[in-house]
Amino acid sequence: MILIREVVNNNMDRLMNESGFNIAKNLKILRREKNVTQKEVAQHLNIDVTTLSHYETGIRMPDIDTLIALARYYNTDINRIISSEAY
């Protein structure tokens, strides 16, 4: 099971870098649409607010488990988060 997650995470990193996905921008848009703070989202996901900030600025990319948790929190699907198209 761990190997599968590693492969998925590695492929996602490659896709994000090659395809110009706007994860950081999309996460910020979703948070603003929900009208919540980074602190509120971070607390709900049980992650550090700095980690969430890094996701929203593109310094770090969330792993697959975090993407799933973010999609659930924002009541959307992962495609909305990783899409390069404007919503």
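Student: What makes R80 count as buried?

Tutor: R80 has a relative accessible area of 16%. Buried means under 20%, exposed over 50% and partly exposed in between, with a 1.4 Å probe and protein chains only. So R80 is buried, at 16%. A note on the source: this is a predicted model, where local features need pLDDT of at least 70 and side-chain atom pairs pLDDT 80 or more, while totals for chains, interfaces and linings use all residues. Residues are numbered from 1 along each chain as its sequence is written, and side-chain values use heavy atoms, leaving out hydrogens and water.

Student: Why is the pair of E33 and R80 called a salt bridge?

Tutor: The closest N and O atoms of E33 and R80 are 3.1 Å apart. The term asks for a side-chain nitrogen of Lys or Arg within 4 Å of a carboxyl oxygen of Asp or Glu. So E33 and R80 qualify, at 3.1 Å. E33 sits in helix α2 and R80 in helix α6 (residues 78-82), so the bridge ties together parts 47 residues apart in sequence. Helices here are DSSP runs of H or I, at least four residues, numbered from the N terminus.

Student: How many salt bridges does the structure hold?

Tutor: It holds 2. E56 also forms one with R31, with the closest N and O atoms 2.7 Å apart. That pair links distant parts of the chain: E56 in helix α4 (residues 49-57) and R31 in helix α2 (residues 23-34), 25 residues apart.

Student: Are E56 and R31 buried or exposed?

Tutor: E56 is buried, with a relative accessible area of 3%. R31 is buried as well, at 11%.

Student: What describes the packing of α2 and α4?

Tutor: Their axes come within 6 Å and cross at roughly 115°. Axes are lines fitted to C-alpha atoms over the stretch in contact, with angles from 0 to 180 degrees between N-to-C directions. A24, L27, K28 and R31 of α2 meet Y55, E56 and T57 of α4; contact means heavy atoms within 4.5 Å. By class, that contact has 3 nonpolar, 1 polar and 3 charged residues.

Student: Which residues does L27 touch?

Tutor: Not counting residues up to four places away in sequence, L27 touches Y55, E56, L70, Y74 and I81.

Student: Which residues touch the most other members of the largest nonpolar core?

Tutor: L27, V41, L70, Y73, Y74 and I81, out of 15 residues. Such a core is a set of buried Ala, Val, Leu, Ile, Met, Phe, Trp, Tyr and Cys residues joined through side-chain atoms within 4.5 Å. α2, α3 (38-45), α4, α5 (64-73) and α6 each supply at least two residues. α5 gives the most, with 4.

Student: Which residues of α5 are buried?

Tutor: I64, T66, L67, L70, A71 and Y73.

Student: Where does N75 lie, and what is its phi?

Tutor: N75 lies in the loop between α5 and α6. Its phi is near 55°, a positive value in a residue other than glycine. At 72% relative accessibility, N75 counts as exposed.

Student: Why does N46 count as exposed?

Tutor: Its relative accessibility is 70%, so N46 falls over the limit for exposed. N46 lies in the loop between α3 and α4. N46 is not a glycine, yet has a positive phi of about 60°.

Methods:
Nonpolar A, V, L, I, M, F, W, Y, C, P; charged D, E, K, R; others polar.
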